[in-house]
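Please keep the sequence and the model in view while reading.

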Amino acid sequence: MSSDEDLIRSLGEDIFLWSPLLNSRVKSSDLLENKVVLLYFSSHWCGPCKTFTPLLCDLYKSLKSQNTEDFEIVFCSMDAFECEYNHYCNSMPWWCLPFQSPVASRLATMYKAEGIPSLVVIDRDGRLITRDAVSQVACDPAGLNFPWRPRSLVELLPEHYLHADSGSELLPMRGLDEKYLLLYAAGQWCRPCRHFTKTLAKAYHNLIRHRQDFEILFLSSDADQESFDSFFGQMPFGAIPFGERAAKAAIANKFSIRRVPVLLVFGPKPACGADRPLINADARGIIEGDDYITEFPYRPKKYGDLNVTTHDINTSKSIIVFSEHCDNCEQDDIQEVLRCASDAYVGSEDVMFFGVTYPTPFTQTLRDALRLPARQQNPLMILLDIPDSGGFYVSTCEDVSIESVLSFLNQPGTRLQI
């Protein structure tokens, strides 16, 4: 059986793909076996799709003529009307799923294709190469790096960087090899970025007085050099030059940077030549707190305050203790219990432990979704399991101790549904 069997199974081994150019149909299993596959999610009515499709056509024809990588593109239509689907397909030199095929939505869910146009690339062995090949085509229209297989951060970083203390002088990136590296993805156009930049600049000044084994590099999402220069001028640290657009896009794609601001933390480059280890995928919450000096290099904790964490509660189980109306001493005790419970937990699943010590619109929305009372004097503990189709459990125990937290986690009781 082929190494990309999961993709072929998802398509359906007996499903036929259609080529308007060749006016022929072929079984997906016969066409795609042992090939790089690009899934193109698009629609006739989508303006950005109409702009992108001709670029993809040019790339497709160029790569096919070079014959350097055996690949196929499969159009996954989002069209509502068959006449528009047929008209759109006639502009495509590749293969197409049938009109309104349920396979298209199944593949979109499977590969987390968000919005259109979306171009997902799957390698010969069935491994995902990238969900965001649209940006790869934009940065590499000639396909010089096709199929854009992942490279290490060390390989993606340019040879030089800028620093606020060095003016326009380019400094060698290898000079940072032995330091922790913090990549700050942001843009001047983004209001939260402008606000957080002031916080990060202050933290940088304070942290640099205690240690010199780190550097921050601004990874710009600005649209032009002028905006980059203006925003970088407000920063006391370093930056990847604006002209390194391909490096910026590749780094953003590798680490799934879909929003800004984001602060990624990497360890020093290992002496063995391996890649820098990713320590924290977003350390903003720590920088905005009071412990950024003592907590460096910001290794993620399995516990914390739900209102300030950058952890996505959609991706793992979470114990959450609501204690907004308890006194400060009781809240401190609960936070310490959650810290100890996170250390004591030895299960195979990834579980986070959060406290809620004050009400916010976010926690009130969560209370409403879980149908919890708006206010209660005693702490309320729940187990939230969004990955399990939005399941959750409510503890009947009012005593929050290490033992009661772990017992509830192991035997949560009746499953409820958001």
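How many residues does H3 have, and how far does H3 reach from its first C-alpha to its last? In this predicted model, H3 has 20 residues and reaches 30 Å between those two atoms, close to the 28 Å expected at 1.5 Å a residue. The points below begin with this helix and continue with aromatic pairs, charges over rings, and cysteines.

**Helix H3**

- The buried residues in H3 are Cys49, Phe52, Thr53, Leu56, Cys57, Leu59, Tyr60 and Leu63.
- These buried residues pack against strand S3 (36-42), S4, H4, strand S6 (118-122) and helix H6 (133-139).
- Asparagine 67 follows H3 and has a positive phi, near 55°.

**Aromatic pairs**

- The structure holds 25 aromatic pairs.
- One of them joins tryptophan 18 and tyrosine 85, whose ring centres are 6.3 Å apart; their planes stand at 35°, so the pair is tilted.
- Because tryptophan 18 lies in strand S1 (residues 16-19) and tyrosine 85 in helix H4 (residues 82-89), this pair ties together parts that are 67 residues apart in sequence.
- Tryptophan 18 counts as partly exposed, at 22% relative accessibility, whereas tyrosine 85 counts as buried, at 3%.
- Tyrosine 60 and phenylalanine 71 form an edge-to-face pair, with 5.6 Å from centre to centre and 80° between the planes.
- Tyrosine 60 belongs to helix H3 (residues 47-66) and phenylalanine 71 to strand S4 (residues 71-77), so the pair ties together parts that are eleven residues apart in sequence.
- Tyrosine 60 counts as buried at 9% relative accessibility, and phenylalanine 71 counts as buried at 2%.

**Charges over rings**

- Arginine 245 lies over the face of phenylalanine 242, at 4.2 Å from the ring centre.
- Lysine 254 has its charged end over the ring of phenylalanine 255, 5.7 Å from the centre of that ring.

**Cysteines**

- A disulfide is a covalent bond between the sulfur atoms of two cysteines.
- A search of the whole structure finds zero disulfides.
- The closest cysteine sulfur to that of cysteine 89 belongs to cysteine 96 and is 3.7 Å away, which is too far for a bond, because a disulfide requires the sulfur atoms to lie within 2.5 Å.
- Cysteine 89 is buried, with a relative accessible area of 0%.
- Cysteine 326 is likewise in no disulfide, and its nearest cysteine sulfur, in cysteine 329, is 11 Å away.
- At 9% relative accessibility, cysteine 326 counts as buried.

Conventions. Residues are numbered from 1 along each chain as its sequence is written. This is a predicted model: local features need pLDDT of at least 70, side-chain atom pairs count only at pLDDT 80 or more; totals for chains, interfaces and linings use all residues. Side-chain values use heavy atoms; hydrogens and water are left out. Rings of Phe, Tyr and Trp (its six-membered ring) pair if their centres lie within 6.5 Å; planes under 30 degrees apart count as stacked, over 60 as edge-to-face and the rest as tilted. Helices (H or I, at least four residues) and strands (E, at least two) are DSSP runs, numbered from the N terminus. Buried means under 20% relative accessible area, exposed over 50%, partly exposed in between (1.4 Å probe, protein chains only). A charge sits over a ring if NZ of Lys or CZ of Arg is within 6 Å of the ring centre and within 35 degrees of the ring normal. The expected span of a helix is 1.5 Å times one less than its number of residues. Contact means heavy atoms within 4.5 Å.
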